[in-house]
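Okay, thanks for coming, everyone.

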Amino acid sequence: VKEEKEENRGSVEFQVFSFTNKIRRLASHLELHKKVFSSERGIRRLLGKHRRLLAYLAKKNRVRYKKLIGQLNIREQ
C-alpha cells in the first residue's frame with residue numbers, strides 16, 4: 001500500500017494516509033506531554049484537513065473511500 005501511494009503523492013488517498021500518520025504520531029506525543037498546546041493546535045488543524053479530504057473522497061468515489069478507510073482502519077464501517 002505504501003509503495004503504491006508514494007507514486008502519486010498528490011492523490012487524495014496519499015494525503016489522507018500522510019495525515020493519518022501525522023495525527024497518530026502527534027496523538028502519542030500528546031499522551032506523554034499533556035500541556036503542549038502548540039501540538040494540540042496542530043493536531044486540530046490536521047484533523048480538519050483529514051476530515052475534509054475524507055468527505056470529498058466519500059462524495060466523489062464511494063468505493064475508493066471504503067477501501068481507504070478499511071486499509072487505514074480509521075472509521076467504523
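Let me start with a term: when I say contact, I mean heavy atoms within 4.5 Å. With that in hand, take T20: leaving out its neighbours within four places in sequence, T20 touches H50, L72 and I74. T20 sits in helix α2, where helices (H or I, at least four residues) and strands (E, at least two) are DSSP runs, numbered from the N terminus. T20 counts as buried because its relative accessibility is 4%. On that scale, buried is under 20% relative accessible area, exposed is over 50%, and partly exposed is in between, with a 1.4 Å probe and protein chains only.

Quick housekeeping. This is a predicted model, so local features need pLDDT of at least 70 and side-chain atom pairs count only at pLDDT 80 or more, while totals for chains, interfaces and linings use all residues. Residues are numbered from 1 along each chain as its sequence is written, and side-chain values use heavy atoms, with hydrogens and water left out.

Now the overall picture. Of the 77 residues, 31% count as buried. If you take contacts between residues at least 6 apart in sequence, 48% of them join residues at least 24 apart.

On to the charges. How many salt bridges does the structure hold? There are 2, a salt bridge being a side-chain nitrogen of Lys or Arg within 4 Å of a carboxyl oxygen of Asp or Glu. One pairs R64 with E13, and their closest N and O atoms are 2.5 Å apart. That pair ties together distant parts of the chain, with R64 in helix α4 and E13 in helix α2, 51 residues apart.

R44 is exposed, at 58% relative accessibility, and E40 is partly exposed, at 23%.

Then there's a positive surface patch, made up of K22, R25, R41, R45, K49, R51, R52 and R75. Helices α2 (12–32) and α3 (37–60) are the elements that each give two or more residues to the patch. Which one gives the most? That's α3, with 5 residues. Take R41, which lies in α3; R41 counts as exposed because its relative accessibility is 58%. As for the rules, patch residues have over 30% relative accessible area and no salt bridge, with like charges joined within 9 Å and nonpolar side chains (Val, Leu, Ile, Met, Phe, Trp, Tyr) within 5 Å.

Last stop, N73. Most residues other than glycine have a negative phi. N73 isn't a glycine, yet its phi is positive, about 55 degrees. N73 lies in the segment after α4 (62–72), and N73 is exposed, with 63% relative accessible area.

Note on methods
Accessible areas come from the Shrake-Rupley method with a 1.4 Å probe; for residues, only the protein chains shown count as cover. Lys and Arg count as positive and Asp and Glu as negative; His and the chain ends are not counted. The place of a charge is taken as NZ of Lys, CZ of Arg, CG of Asp or CD of Glu.
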